[in-house]
Amino acid sequence: MGAVLSIAAMAAGLAACGGGDATYATVADKITGGGTVVVGTKWDQPSLGLKMGNEPEGFDVDVAKAVLKEVAGGKDVKVTWKESASSNREPFLANGTVDIIFATYSITEERKAKVTFGGPYVVAHQDVMVRKADASITKPQDLTGKKICKAAGSNSYKRITDPPPDGELDLDATTVDAANYSECVQKLNGSNLDAVTTDDLILAGFAKQAGGNFKVLGQGFTDEKYGIGLKKGDTKTCEAVNKAVATLWSNGTMKTLLEKWFGGIEGLKVSDAAPPAEGCA
């Protein structure tokens, strides 16, 4: 009886793994085997991951589609999209809510302890966005004494307020809590903040959406390596997506997608060369 219960429990556990696809040992196997892949993206970030209709759209979404198709050998892949905010990316990967994440997911040493990262597929740079008419902030160092946003699950504010190694500038700025960066932008628009500081690609998308109400300073001061999040230990998928990313850079796809979503935004300096892979730890 005990053996029967153990087998039943094991079967239930397998069935719960990766959205019910119990036959796939890794996400790469699911991609190549025709399974439905649950992809986590942001749903509130213009030009990166913004849900407008039945599915999100943006640079991260297009990169996800291109990478999965490349891993699948050129075949279309069945995808279920799942909103993955900064605050829930690690638990979603750990508990199998999502299979893979493309969501402005900066690779850091702290996160590597919990996540296996493919990529990076692009390098962004932390910058600052302010209201268009604000002449008091022209560089990141001007944030001393200012109110900046602290988005849940994001480390960007630390780069302003903390000393190294966690921070960069060690400025005396006041942080204002927000659930995500879309709420940060609402607070900036309502004059509850002086600035929003995070990756330049995120800021550029919001500035573009706002139609001229905000400006990005164009003074990036960090390298934010956007990685592809995988459950810790899934090195097979990591190696497969790294190969796909290299191909997408070499054949011009990545440059085309960057131009599609970020071309013509004043002050934005977009990478035009493939970043080196981090390695699958």
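This is a predicted model: local features need pLDDT of at least 70, side-chain atom pairs count only at pLDDT 80 or more; totals for chains, interfaces and linings use all residues.
Reader: How many aromatic pairs turn up in a search of the whole structure?

Author: Rings of Phe, Tyr and Trp (its six-membered ring) pair if their centres lie within 6.5 Å; planes under 30 degrees apart are stacked, over 60 edge-to-face, and the rest tilted. Searching the whole structure on that basis, the number of aromatic pairs is five.

Reader: What is the angle between the planes of F59 and Y121?

Author: The F59 and Y121 rings sit 6.2 Å apart, centre to centre. They make a tilted pair, with the planes at 40°.

Reader: How many residues apart are F59 and Y121?

Author: Helices (H or I, at least four residues) and strands (E, at least two) are DSSP runs, numbered from the N terminus. F59 belongs to helix α3 (residues 59–71) and Y121 to strand β7 (residues 115–124). The pair links distant parts of the chain, and the gap is 62 residues.

Reader: And F102 with Y121: how many degrees between the planes?

Author: That pair is tilted too, at 6.1 Å centre to centre, with the planes at 45°.

Reader: Why does that pair tie together parts that are apart in sequence, and how many residues apart are they?

Author: F102 is in the loop between β6 (100–101) and α5 (109–112), whereas Y121 is in strand β7, so the pair bridges a sequence gap. That gap is 19 residues.

Reader: Which residues form the aromatic cluster?

Author: F102 is buried, with a relative accessible area of 0%. Along with F102, the one cluster takes in F59, Y121, Y226 and F262.

Reader: Which ring does the charged end of K51 sit over?

Author: A charge sits over a ring if NZ of Lys or CZ of Arg is within 6 Å of the ring centre and within 35 degrees of the ring normal. The charged end of K51 is 5.1 Å from the centre of the ring of W43.

Reader: What is L68 in contact with, leaving aside neighbours within four places in sequence?

Author: L68 is part of helix α3 and is buried, at 1% relative accessible area. Contact means heavy atoms within 4.5 Å. On that basis L68 touches I31, V37, V39, V77, V79 and I100.

Reader: What volume does the largest cavity have?

Author: On a 1 Å grid over the protein atoms alone, a cavity is a set of points where a 1.4 Å probe fits but cannot get out; a pocket is an open set with protein on both sides within 12 Å along at least five of seven lines, and lining residues have an atom within 4 Å of a point. Grid points join across faces, edges and corners, and volume is the space filled by probe spheres set on them. The search finds three cavities of 30 Å³ or more. The largest has a volume of about 150 Å³.

Reader: How much space lies in the largest pocket?

Author: The largest share of its lining, three residues, comes from α5. The space in this pocket is about 380 Å³.

Conventions:
Residues are numbered from 1 along each chain as its sequence is written. Side-chain values use heavy atoms; hydrogens and water are left out. Buried means under 20% relative accessible area, exposed over 50%, partly exposed in between (1.4 Å probe, protein chains only).
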